Amino acid sequence: MTTNVPQHARVVIIGGGIHGCSVAYHLAKEGWRDIVLLERKQLTCGTTWHAAGLVGRLQGGHATTAFAQYGSDLFKELEKETGQATGYKMPGSISVASNAERWAELLRQADFARIHNETAQVLSVDEVLERWPLMNPDGILGGVWIPGNGYINPIDLTMALAKGARQNGVQIFEQTSVQQVTEANGKVSGVVSDKGTISADFVVNCAGMWARELGRQNGVGVALHACEHYYLVTDQIDALPRDLPVLRAYDDCTYFKEDAGKLLFGFAHNKVKPWGMQGIPEDFCFDSLPFVDDDVMDVLEMALHRVPLLQETGIRTFFNGPESYSFDGKFTLGEAPEVRNYFVLAGVNSTGIQSGAGAGRALAQWIVKGHPPMDLNDMDPARIEAFQARDLYLQQRAPETETKTYAMHWPNDQRCTVRPLRKTPFYHLLKQHGACFGEVQGWERPSWFAPKGVEPVTQYSFGRQNWFSYAQAEQQAARQGVGLIDYSMLGKLLIEGADAEAFMQRVCSQDMAIACDSVTYTLLLNERGGIESDVTVARFTQQQYMLMSSISRSRRDRYHLQHHIQPGEQVFLRDVTSSYGMLALMGPDSRALLSKVSDHDFANEAFAHQTWQSFYIGHAPVWAQRLSFTGELGWEIFVTPDFAEHVLEQLLQAGSGMGLKLIGGEALNALRIEKGFLHWGHDMAYSEAPHQLGLSFLCRKSVDFVGKEAALARKKEGAGAQLCYLKLADEQPLLYHNEPILRDGEVIGFVTSAAWAYVTGAAVGLGFIDLPRGCDLSKGDMEILVEGVAYKAHLSWRPFYDSNHQRSKM
């Protein structure tokens with residue numbers, strides 16, 4: 001084993017768990033050399049070694065499913081390639097449901113499997129018992145069988161990846177502690193270890209539960225925290241079938257797997273404790289934590305009920321070990337926005353074994369290609385706000401992530417911890433008016449409004465939730481009368497300086513040489529012609545623009561723009577999100593309502609569509625841009641926080657006799673989908689080009705801009721799935737996202753976002769399909785699969801509502 005670290009490496013990987021070894025293996029497979037991996041103690045000694053080793057091919061998202069499918073395929077060949085046994089077995093897995101809502105969730109998972117060509121068979125209770133005869137069927141409604149699932153030995157898997165990496169030239173140094181990642185001019189320059197300093201072109205933080213503290217040294221946010229995780233292993237059970245599938249009893253918070261003639265069963269706890277709050281001990285190596293009976297007694301009792309054999313079987317191992325969980329249940333994977341060429345792969349929420357190979361390959365390909373190999377936007381380190389990477393926040397939020405591992409995965413599920421945190425200037429007044437709040441990036445945002453006498457608390461379901469009729473009334477007001485929503489949390493970024501126009505012309509797809517009272521909608525493309533963002537831009541002066549982003553994308557957009565400022569360019573970015581309260585007024589009566597609270601002229605001739613003007617509402621100075629994300633006539637009103645409540649009070653008072661309704665995010669989402677407006681992160685991301693979304697009209701300006709030639713080339717090629725509009729013929733089913741789209745019974749795509757729309761009177765949505773844009777979508781039987789039932793659907797290349805875009809210009 002090599003003991004002297006080299007003076008230089010192309011890539012230094014920090015951490016010798018499953019992720020670090022996977023990144024090393026795949027970088028070598030990509031043909032890169034001069035790769036070094038540093039491990040503080042021994043390979044796998046942090047959290048990898050004690051993982052349960054479950055391997056599931058179907059995960060909750062498209063990217064994570066791709067990771068898992070690639071990994072399980074690799075595991076079949078890895079022993080042959082490296083000579084290192086991995087203990088990989090594929091007995092399949094069964095997930096069971098003991099209530100109607102869980103059954104609906106499992107059926108939707110089986111639907112999702114079809115999108116990824118994965119076998120998922122729905123089983124009756126008797127069919128479950130045929131495959132898992134030790135289970136007590138009490139209360140079970142059925143199950144879903146995935147024959148491609150299984151398990152693997154985590155240590156052996158990691159050692160196989162490490163061996164494969166070494167065979168391709170990777171140098172691995174154990175007992176080597178990293179003390180510092182160095183940087184120069186905003187870019188990594190190397191690593192200082194206790195065995196010497198290595199200059200490096202790239203550094204990869206795969207330090208597991210140490211990753212947060214390591215990243216913090218360079219101002220890189222890694223939002224994870226270690227939490228306690230328990231499992232037990234029985235004594236030998238002679239009658240235990242060796243081909244027993246993995247059993248996931250989600251409603252019992254328990255999984256079961258055969259383990260060399262013993263039964264291992266672990267928990268997704270109802271009660272979770274963070275660990276390492278005072279730091280992780282320096283000598284931590286293959287360590288476990290104290291087993292506290294009270295922490296697992298509730299789930300242990302459920303496990304004993306579900307598998308009665310456990311009541312008469314001895315327990316050989318009572319295990320408690322740390323696992324890293326993120327603040328939002330998503331991975332942290334990609335380049336840190338704060339330091340160039342500093343990459344992170346960490347915080348995968350107990351899915352490291354099944355996702356590690358695929359995630360490591362994706363990160364390696366990102367480094368080699370210089371861009372993400374697929375849509376990984378929800379894992380992007382740039383999404384992490386500074387407060388979300390702090391210990392105090394994570395010690396409350398990360399345990400909640402662990403509790404949600406086997407909890408119901410509702411389509412609009414909300415977190416409970418660290419709330420309310422960020423409040424808009426309208427928060428208290430909206431709360432008085434019955435707002436039920438959701439949370440995005442720490443911001444409290446109304447989801448729906450309860451009428452008087454109704455508690456504003458969501459009762460979750462895959463069917464019509466308790467707010468359904470209230471949101472319908474909110475939609476009706478926006479379409480037929482007037483509605484009002486709090487937009488204050490939307491990102492607001494000032495672009496200022498003598499070179500502001502030239503800069504905006506270079507980074508935006510639309511012409512930015514616009515008048516100083518104009519507002520426009522534009523794309524920000526990358527060099528590959530993919531859509532980095534879609535934004536609204538208002539021009540204030542010759543040297544000042546305001547760019548508006550969605551809540552979850554504002555930080556990422558700021559970094560994207562910052563990286564495009566050239567040396568010596570007089571361009572300055574200033575985040576003013578919290579400097580303004582923002583209200584969106586929408587609906588055919590919005591002009592009449594504004595005229596009641598202001599003496600300004602809001603007629604078409606005086607206040608044109610896609611312009612902005614300053615005026616007063618009551619005593620408050622405001623400015624507003626004439627736009628609406630619903631497709632209706634509308635204005636977005638900006639006011640400083642000191643006058644914010646006064647403006648809202650004026651509008652509520654004047655609108656009380658006009659049927660004004662406060663609107664929440666649930667209604668807004670339905671309104672924008674019905675109109676055919678897209679949302680970045682759901683309906684598009686940096687992997688899609690404008691032509692795939694019908695947005696080529698936003699890229700017609702004559703001057704050059706980032707991504708122009710690539711977008712034109714991709715349009716000419718015509719490749720990629722195409723976004724279409726869809727609606728169900730049946731008014732009963734509900735669509736959310738990721739439902740398969742069928743033509744003549746075959747999967748041709750999937751729903752990206754959907755909701756039940758008031759005017760349409762049915763579920764509407766957007767979706768990607770593998771058909772050429774402009775083809776006849778009336779040919780063939782178009783259907784959408786919902787909980788195992790195929791419902792007739794109508795597909796179109798144009799929105800079903802106001803396809804000529806006239807209502808906003810009334």
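## Aromatic rings

Phe540, Tyr580, Trp612, Trp623 and Phe638 are joined into a cluster by ring pairs. Rings of Phe, Tyr and Trp (its six-membered ring) pair if their centres lie within 6.5 Å; planes under 30 degrees apart count as stacked, over 60 as edge-to-face and the rest as tilted. By this rule there are 37 aromatic pairs. One of them is a tilted pair of Trp410 and Phe462, with 5.5 Å centre to centre and 40 degrees between the planes. This pair links distant parts of the chain, 52 residues apart: Trp410 is in the loop between helix H9 (391-403) and helix H10 (427-432), and Phe462 is in the loop between strand E20 (443-449) and helix H11 (468-480). Both Trp410 and Phe462 are buried; buried means under 20% relative accessible area, exposed over 50%, partly exposed in between (1.4 Å probe, protein chains only).

Helices (H or I, at least four residues) and strands (E, at least two) are DSSP runs, numbered from the N terminus.

## The model

This is a predicted model, in which local features need pLDDT of at least 70 and side-chain atom pairs count only at pLDDT 80 or more, while totals for chains, interfaces and linings use all residues. Residues are numbered from 1 along each chain as its sequence is written, and side-chain values use heavy atoms, with hydrogens and water left out.

## Charges over rings

A charge sits over a ring if NZ of Lys or CZ of Arg is within 6 Å of the ring centre and within 35 degrees of the ring normal. The charged end of Arg131 is placed over the ring of Trp145, 4.8 Å from its centre. Arg361 lies over the face of Tyr70, 3.8 Å from the ring centre.

## Helix H8

Helix H8 (residues 352-369) has 18 residues and reaches 24 Å from its first C-alpha to its last, close to the 26 Å expected at 1.5 Å a residue. The expected span is 1.5 Å times one less than the number of residues. A kink of about 25 degrees is centred on Gly358 in H8; the bend at a residue is the angle between axes fitted to the seven residues ending there and the seven starting there.

Is H8 largely enclosed or exposed? Of its 18 residues, 15 are buried, so H8 is largely enclosed by the rest of the structure. Just after H8, Gly370 has a positive phi of about 85 degrees.

Two strands pair if DSSP finds at least two bridges between them. Strand E33 (residues 740-743) pairs with E34 in the antiparallel sense over four bridges, and Arg743 stands opposite Glu746 in E34. The two strands form a hairpin with two residues between them, and Asp744 in the turn has a positive phi of about 55 degrees.

E34 also runs antiparallel to strand E35 (residues 762-769), joined by eight bridges. Ala757 has Ala762 in E35 as its bridge partner. Four residues lie between E34 and E35 in their hairpin, where Gly761 in the turn has a positive phi of about 75 degrees. Nine of the twelve residues of E34 (residues 746-757) are buried, so this strand is largely enclosed by the rest of the structure.

## Backbone exceptions

Most residues other than glycine have a negative phi, and most peptide bonds are trans. The peptide bond from Arg419 to Pro420 is cis, with omega near -10 degrees. Val418 has a positive phi near 50 degrees and counts as buried at 19% relative accessibility. Gln610 has a positive phi near 60 degrees, and counts as partly exposed at 30% relative accessibility.
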